[in-house]
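Here's a short tour of a protein model, written for someone just getting started. Have a look at the structure first, then read on.

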Amino acid sequence: MGCKMPRPIEAIVHTGALAHNLARARAATPDARVFAVVKADAYGHGIERAFPGLQRADGFALLDLNEAERLRALDWRGPILLLEGCFSPRDLELCSRLKLWHVVHDTAQIDWLAAHKTQEPHRVFLKMNSGMNRLGFRPDAFRAAWARLNALPQVDEITLMTHFANADADADSRHGLAAQVATFRAATHDLPGERSLANSAATLRHAADAAVRADWVRAGILSYGSAPDFPAQDIHHWDLQPTMTLRSKLIATQDLQAGDAVGYGSTYVASGPLRIGIVACGYADGYPRHAGTGTPVLVEGVRSSTVGRVSMDMLAVDLTPVPGAGVGSEVTLWGHGPQREGRATVLPIDEVAQAAGTIGYELMCALARRVPVRSAD
Ligand SMILES: Cc1ncc(COP(=O)(O)O)c(C=O)c1O
């Protein structure tokens, strides 16, 4: 019965970085309150792990009722907003019991509220579809929905809300953020109540506009150390810190000669002698298989890149920039690397995502269950 050595891969959730990033949202919008968006299990970080770093938020926004229960189990007594509201009339019972705020985006949700028996009226966020065409009442139906809600004894305060399709980029004038703000304002200017419009990109890029920052911002991806408008800007520009590190080790090395190929499909063929390292990390860990040759990686804190196709449990990296590396060398797939010559090393998740044709959000959320996770400062 020998003691089992674990596979060397692990993920680290950085509590201090979460707190730092949330403080950036606050600094950008000092007169607004900040929801930390923790849907999808805190963007793959785990609600319980992320909570200590985000607990200075004014509220939490999510959409899964189980996740709302988990937050209350952590003794969070402040606001929790259900971003998609109730999925069935029964959900209103939980809203009453756990004092959840909920989005109303559809007439059926108003019908359910009207039939709901509750001692305490609910705070609701009435959502407008101001151009994204996902959820919400169209501007011409918004006022009638507001009036219906306002007349219900089950409803306490009504916050007015919308969501931007293009806060991260300069879209054409018909679909851009300014057009959505104008639509929202035109339909709500004489309605009372607080407002909530901004996601991360709007919080960082448009906070100077009081109509955008409004009363509540909903900070998701920025809290997790990914630049919402990458590659136009990166985390250094926005002073954000990675909150998730995925790291592993070299478990083998290979010395290639010209003409030798690497991995499935032999998609990479060496043009001359090349030393590569084999990393214990593959797509079954959540590393994107679409990340082709050249995807950035840190080996012992030195920037290098992947070689060939990612397999289920392994990938290969070029060891040319780190000739001293060998079996056991630390490899950072994304996040914080080891100190190198007294300096911190970082590989933003956005760069890996870009190489795989996706965004940091998807990589965080896809971290596989088999990867052990621990928390660090
Ligand atoms: C309604 C709503 N608000 C806020 C957010 C947070 O967005 P981000 O992570 O870009 O800040 C989301 C995420 O998709 C959302 O659906």
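Let's start with helix H3, which runs over residues 47–54 and has Ile47, Ala50, Phe51, Gly53 and Leu54 as its buried residues. Keep in mind that this is a predicted model. So what do the buried residues of H3 pack against? They meet helix H1 (15–28), strand E2 (33–37), helix H2 (39–43), strand E3 (59–62) and helix H4 (65–73).

Now jump along to helix H7, residues 139–150. Its twelve residues reach 17 Å from the first C-alpha to the last, close to the 16 Å expected at 1.5 Å a residue. Tucked away here are Phe142, Ala145, Trp146 and Leu149, the buried residues of H7. They sit on the same side of H7 because they cover an arc of only 105° around the axis.

Finally, the ligand. There are 14 residues around it, and Tyr43, Ser200, Arg218, Ile221 and Tyr361 come nearest.

| Side chain | Distance to a ligand oxygen atom |
|---|---|
| Lys39 | 3.1 Å |
| Tyr43 | 2.6 Å |
| Ser200 | 2.5 Å |

How much of the ligand does the protein bury? Taken alone, the ligand exposes 390 Å², and the protein buries 90% of that.

Notes: Residues numbered from 1 in each chain as written. Predicted model: local features only at pLDDT ≥ 70, side-chain atom pairs only at ≥ 80, totals over all residues. Heavy atoms only, no water. Helix = DSSP H or I, 4+ residues; strand = E, 2+ residues; numbered from the N terminus. Expected span 1.5 Å × (residues − 1). Buried < 20%, exposed > 50% of the residue type's maximum accessible area, 1.4 Å probe, protein only. Arc of directions from axis to C-beta. Contact = heavy atoms within 4.5 Å. Near = heavy atom within 4 Å. Polar contact = N/O pair within 3.5 Å; in protein donor to acceptor, adjacent residues only side chain to side chain. Areas by Shrake-Rupley, 256 points an atom, 1.4 Å probe, with all protein chains shown as cover.
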